[in-house]
Amino acid sequence: MHHSISLTINGVRRDIALADPRVTLLDLLRERLQLTGTKKGCDRGQCGACTILVGGRRINSCLALAMSHDGAEITTIEGVARGEQLHPLQAAFIAHDGLQCGFCTPGQIMSALGLIHEGQAGCDAERIREAMSGNLCRCGAYAGITEAVLEVQKSLGEAGERRVA
Amino acid sequence: MKSFEYVRAASVSDAIAAGSVPGAVYLAGGTNLLDLMKGGVSRPDRLIDLTRLPGLDCIEPSADGGLRIGALVRNADLAHDTAFVQAYPAVAEALLSGASAQLRNAATIGGNLLQRTRCPYFYDAASACNRREPGSGCDARHGENRLHAVLGWSDACIATHPSDFCVPLVALDAVVEIEGRSGRREVALDDLHRLPGETPERETVLEPGDLIVAVKLPAAARNFSRHARYLKVRERTCYAFAVVSAAACLRIAGSRITEARIGLGGIAAKPWRAREAEKLLAGAPPDAENFRHAAAASLAEARASGDNEFKIELARRVLVRALTLAAAGTPERVPALPASPFSTQPGGLHDT
């Protein structure tokens with residue numbers, strides 16, 4: 001049985017026919033829509049490499065059935081920069097060496113966007129580390145990641161927190 | 001993953017009709033179910049998607065003065081609801097100590113109650129597991145079992161229930177509202193999960209088609225808001241299941257405890273209510289000696305199911321610490337590291 005769903009991905013509406021209900025949002029993005037910025041790490045909700053925003057909230061796309069998200073508004077790493085202009089978080093990751101191999105970076109940045117939107121961590125480094133604990137970095141760039149998120153939080157200030165994501 | 005028929009339920013009655021058929025499983029947040037399906041541990045023929053059901057995502061006052069939490073409320077939404085945090089701080093702290101922010105955004109309150117054990121032998125389809133495959137045996141019994149149960153276990157199964165949320169809930173007399181083929185009924189959370197006995201595959205008292213539609217907290221549960229904590233020892237500070245955890249909720253008048261509610265996590269196949277300890281503390285001064293007596297009483301029946309003798313003493317100490325923290329007063333805000341006995345900031349609590 002064929003199913004059809006529609007998703008708005010990075011502002012573009014996509015109508016998608018699914019022959020198999022087992023497809024996750026992660027596999028749909030990577031295999032069907034060629035949006036390979038979202039990474040498949042563990043595929044079991046443990047590493048955070050597949051983090052995307054659904055309705056502005058960060059989730060693990062590997063544990064989300066595409067069928068169950070019919071009508072959703074999705075933001076992936078491809079939708080974060082404006083043309084050649086990096087998002088302040090992307091620039092901060094570079095400035096603070098928040099990566100080495102880069103595999104976890106799209107998930108880290110999407111998770112940090114979600115964190116800033118949630119508005120719970122503020123400029124408290126310990127709350128940021130806790131809130132980013134669903135994203136593993138095998139290279140161990142955690143110190144730089146925390147500094148990058150902290151810098152963007154500070155530059156936004158409390159009032160700007162909800163505008164970024 | 002085995003293929004399945006996908007059904008999107010439009011109403012609770014539709015869901016129950018579709019979910020009563022053998023091989024049908026309900027899908028909400030999917031954070032545990034999809035993981036189990038990917039591993040071949042859960043192999044449903046039919047998936048009933050509940051996420052579009054109307055009216056199950058509300059947090060609202062109940063007629064008896066308590067609170068009714070719809071089963072589709074997401075963990076993060078409940079944990080960050082300002083009024084909820086103020087009234088039931090130990091529950092919010094438990095929620096925020098579980099999983100990751102991504103998982104808490106997807107996982108639902110109803111699904112949390114029905115998550116399966118994290119016993120590695122249950123997850124490994126090549127291992128014997130009476131819970132996954134009745135009668136096949138239990139490889140955990142003589143395997144790697146340092147994290148397994150010390151209360152309520154049987155030779156058939158020594159797995160633990162992994163929920164943090166359920167631990168303060170069971171202490172606070174939470175009730176589960178269930179819609180089924182014969183109508184609506186309520187079951188105390190303490191009676192929802194079954195101990196393994198000879199039938200570990202029967203994890204709850206739910207019947208085919210039964211759907212959890214809400215979790216209710218009675219009015220009396222908010223009487224503990226000034227002295228309520230959840231404490232959880234993990235093998236790493238964040239994003240890990242409990243080795244042992246404790247919820248301690250006290251009412252203190254003058255120099256005495258008037259009422260105590262205690263739950264323990266990570267030690268049995270269900271969230272564990274420590275009623276004997278509650279009785280010992282009622283009327284007693286909130287001091288270290290009474291806390292130690294209460295903790296000893298809570299674990300009086302405990303026995304190791306393998307290389308986990310240490311969990312009995314650890315549970316006693318975690319409960320003493322949780323009671324000490326609760327007596328000191330609920331913090332103004334959930335700590336930066338929720339439920340953690342550690343803090344990376346100077347001035348954090350150390351052993352007392």
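In this predicted model, strands β10(B) and β11(B), the latter spanning residues 256–265 of chain B, are paired in the antiparallel sense over nine bridges. Within this pair, B:I252 stands opposite B:I257 in β11(B). The two strands form a hairpin, with two residues between them. One residue of the turn, B:G254, has a positive phi of about 65 degrees.

Strand β10(B) also has a partner in strand β9 of chain B, which covers residues 228–233. Here six bridges join the strands, and the direction is again antiparallel. B:V233 is placed opposite B:V244 of β10(B). As a general principle, the strands of a sheet pair through backbone hydrogen bonds, and the arrangement may be parallel or antiparallel.

How many of the ten residues of strand β10 of chain B are buried? The number is seven, so the strand, residues 244–253, is largely enclosed by the rest of the structure.

**The five-stranded sheet of chain B**

Chain B also contains an open sheet of five strands, arranged in the order β4-β5-β8-β6-β7, with antiparallel pairing. Its edge strands are β4 (59–61) and β7 (183–188) of chain B, each of which pairs on one side only. From one strand to the next, the twist averages 25 degrees.

Inside this sheet, strand β5 (residues 67–70) and strand β8 (residues 211–217) of chain B are joined by four bridges in the antiparallel sense. B:R68 stands opposite B:K216, a residue of β8(B).

**Domains in the two chains**

Chain B is divided into domain 1, residues 5–52, and domain 2, which is made of residues 59–114 and 164–220. The contact between these domains involves twelve residues of domain 1 of chain B and 14 residues of domain 2 of chain B. On the domain 1 side, helix α1(B) contributes the largest share, four residues. The residues on that side of domain 1 of chain B comprise six nonpolar, six polar and no charged.

In chain A, the domain assignment gives domain 1 (3–79) and domain 2 (88–163). Across this boundary, 14 residues of domain 1 of chain A are in contact with 13 residues of domain 2 of chain A. Two elements give two or more residues to the domain 1 side, namely β3 (51–54) and β4 of chain A. Strand β3(A) gives the most, with three residues. By class, this side of domain 1 of chain A has six nonpolar, five polar and three charged residues.

The table lists the separation of the domain centres, taken over C-alpha atoms, for each chain.

| Domain pair | Separation of centres |
|---|---|
| Domain 1 and domain 2 of chain B | 19 Å |
| Domain 1 and domain 2 of chain A | 22 Å |

**The overall form of chain A**

Which elements make up the secondary structure of chain A? The chain has five helices and five strands. Read from the N terminus, these elements follow the order β-β-α-β-β-β-α-α-α-α.

The C-alpha atoms of chain A fill a box of roughly 50 × 30 × 30 Å along the principal axes. A compact globule of 165 residues would have a radius of gyration near 15 Å, so the value of 16 Å for chain A agrees with that expectation. Of the 165 residues in chain A, 43% are buried. Among contacts in chain A between residues at least 6 apart in sequence, 60% join residues at least 24 apart.

**Where the chains meet**

The interface between the chains brings 29 residues of chain A into contact with 25 residues of chain B. On the chain A side, β4 (57–60), α3 (105–118) and α4 (125–131) each supply at least two residues. The chain A side that touches chain B has eight nonpolar, eleven polar and ten charged residues.

Notes: Residues numbered from 1 in each chain as written. Chains lettered and ligands numbered in written order. Predicted model: local features only at pLDDT ≥ 70, side-chain atom pairs only at ≥ 80, totals over all residues. Buried ≥ 20, exposed ≤ 12 C-beta atoms within 10 Å, placed from the backbone. Pairing = 2+ DSSP bridges. Axes fitted to C-alpha atoms, helices over the stretch in contact; angles between N-to-C directions. Domains from an automatic or database assignment. Contact = placed C-beta atoms within 7 Å. Nonpolar A, V, L, I, M, F, W, Y, C, P; charged D, E, K, R; others polar. Rg over C-alpha atoms; globule rule 2.2 N^0.38 Å.
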